[in-house]
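Thanks, I'll keep this short.

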Amino acid sequence: MAYFPMFVDLKDKLCIIVGGGAVAYRKIKALLEFEARILVIAPNCIDKVYGLKDSLSQEQLIIALRNFDSGDVCKADLVIAATDDITLNKSIAKECRHKNIPVNVVDVQEECSFIFPAYIKRGAVTIGVTSSGKSPVISQRLKKSIAEQLPEYLEDLADILGEARDLVKKSFDTEAERKKVYIALIEAVENQNGKLSPKQIKDVIQREMKKNQDK
Ligand SMILES: C[C@@]1(CC(=O)O)c2cc3[nH]c(cc4nc(cc5[nH]c(cc(n2)[C@H]1CCC(=O)O)[C@@](C)(CC(=O)O)[C@@H]5CCC(=O)O)C(CC(=O)O)=C4CCC(=O)O)c(CCC(=O)O)c3CC(=O)O
Ligand SMILES: NC(=O)C1=CN([C@@H]2O[C@H](COP(=O)(O)OP(=O)(O)OC[C@H]3O[C@@H](n4cnc5c(N)ncnc54)[C@H](O)[C@@H]3O)[C@@H](O)[C@H]2O)C=CC1
């Protein structure tokens, strides 16, 4: 069985992480990169988790130094059960499922409604890899080898194409024409090593329009 890669908007969503060990830390770091708000509930946290407070506001991260209470999950958009107590983790999962809250349980895959990928983030471009639980280390290694092949300008490229999109949509009638323009823009960015000014974007679009008219 393979998992479907679904990309989720986590901006400002409240993610509750129960547990404050090394595994919790890894999940928190990932969720923060996607602008989630974090509430950690654990009687003890490793220093790296406490350390996150230095660079984050109260809006972004709250650490509640206490045991989990049933009912804690009520306000959560997402829950991670990351304690070292398998029975507790399972009961958190049960409560979440009952309340229709997506839940990840770090030590029991069958209890997860979603699992974490190994991922690469370059601005708006995200690449997620999973082995559907078979081997996280495969995902980790694949991530590394994919990352080595990505062009430096990937983030800029996505921004440039994103900005050009409205104009391209207005200027070209068919999807096939629009796709050609995006490819021309990508090639132009490749030639300029990642930089195109708004004027250069317009020039490429003009050029493609002219090509279309001349046909
Ligand atoms: C099912 C899943 C659920 C979930 O966590 O969402 C899960 C479950 C478990 N992981 C375990 C172990 C390890 N996990 C890692 C690493 C990662 N694990 C991640 C995801 C996932 N792990 C989901 C499946 C994703 C997939 O299949 O691709 C990554 C990709 C993302 C992340 O964690 O953020 C991250 C790499 C991120 C990166 O490098 O980018 C390492 C390596 C290391 O630590 O360096 C080890 C030690 C080696 C080993 O055991 O394989 C154990 C056994 C614990 C034990 O033996 O006690 C369980 C529980 C079980 O298998 O039952
Ligand atoms: N999914 C994954 O990627 C991986 C999962 N694991 C599993 O993750 C689990 C956690 O691993 P670590 O972070 O290394 O453990 P850890 O022992 O460092 O941390 C456990 C945390 O749970 C907290 N905790 C315990 N009882 C609690 C309660 N009643 N309420 C709230 N918090 C409570 C502790 O205070 C501590 O912060 C292990 O069971 C391990 O098998 C391990 C490796 C990878």
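Ligand 1 sits in the second largest pocket. A pocket here is found on a 1 Å grid over the protein atoms alone, as an open set of points where a 1.4 Å probe fits, with protein on both sides within 12 Å along at least five of seven lines. Sitting in a pocket means that more than half of the molecule's atoms lie within 2 Å of its grid points.

Before going on, the conventions. This is a predicted model, in which local features need pLDDT of at least 70, side-chain atom pairs count only at pLDDT 80 or more, and totals for chains, interfaces and linings use all residues. Residues are numbered from 1 along each chain as its sequence is written, chains are lettered from A and ligands numbered from 1 in the order in which they are written, and side-chain values use heavy atoms, with hydrogens and water left out.

Two elements give two or more residues to the shell around ligand 1, α1 (22-33) and α4 (136-149), helices being DSSP runs of H or I with at least four residues. The largest share, 5 residues, comes from α4.

Which domains contribute? Domain 1 (14-116) and domain 2 (117-150) both give residues to the shell, so ligand 1 lies between them. Those bounds come from an automatic or database domain assignment.

Now the polar contacts, meaning pairs of N or O atoms within 3.5 Å. An oxygen atom of ligand 1 is 2.6 Å from a polar side-chain atom of Ser131. For Gly133, a backbone N or O atom lies 2.7 Å from a ligand oxygen. The side chain of Asn104 has an N or O atom 2.8 Å from an oxygen of ligand 1.

Methods. A polar contact is a pair of N or O atoms within 3.5 Å; within protein, one must be able to donate a hydrogen and the other to accept it, and residues adjacent in sequence count only if both atoms are side-chain atoms. On a 1 Å grid over the protein atoms alone, a cavity is a set of points where a 1.4 Å probe fits but cannot get out, and a pocket is an open set with protein on both sides within 12 Å along at least five of seven lines; lining residues have an atom within 4 Å of a point.
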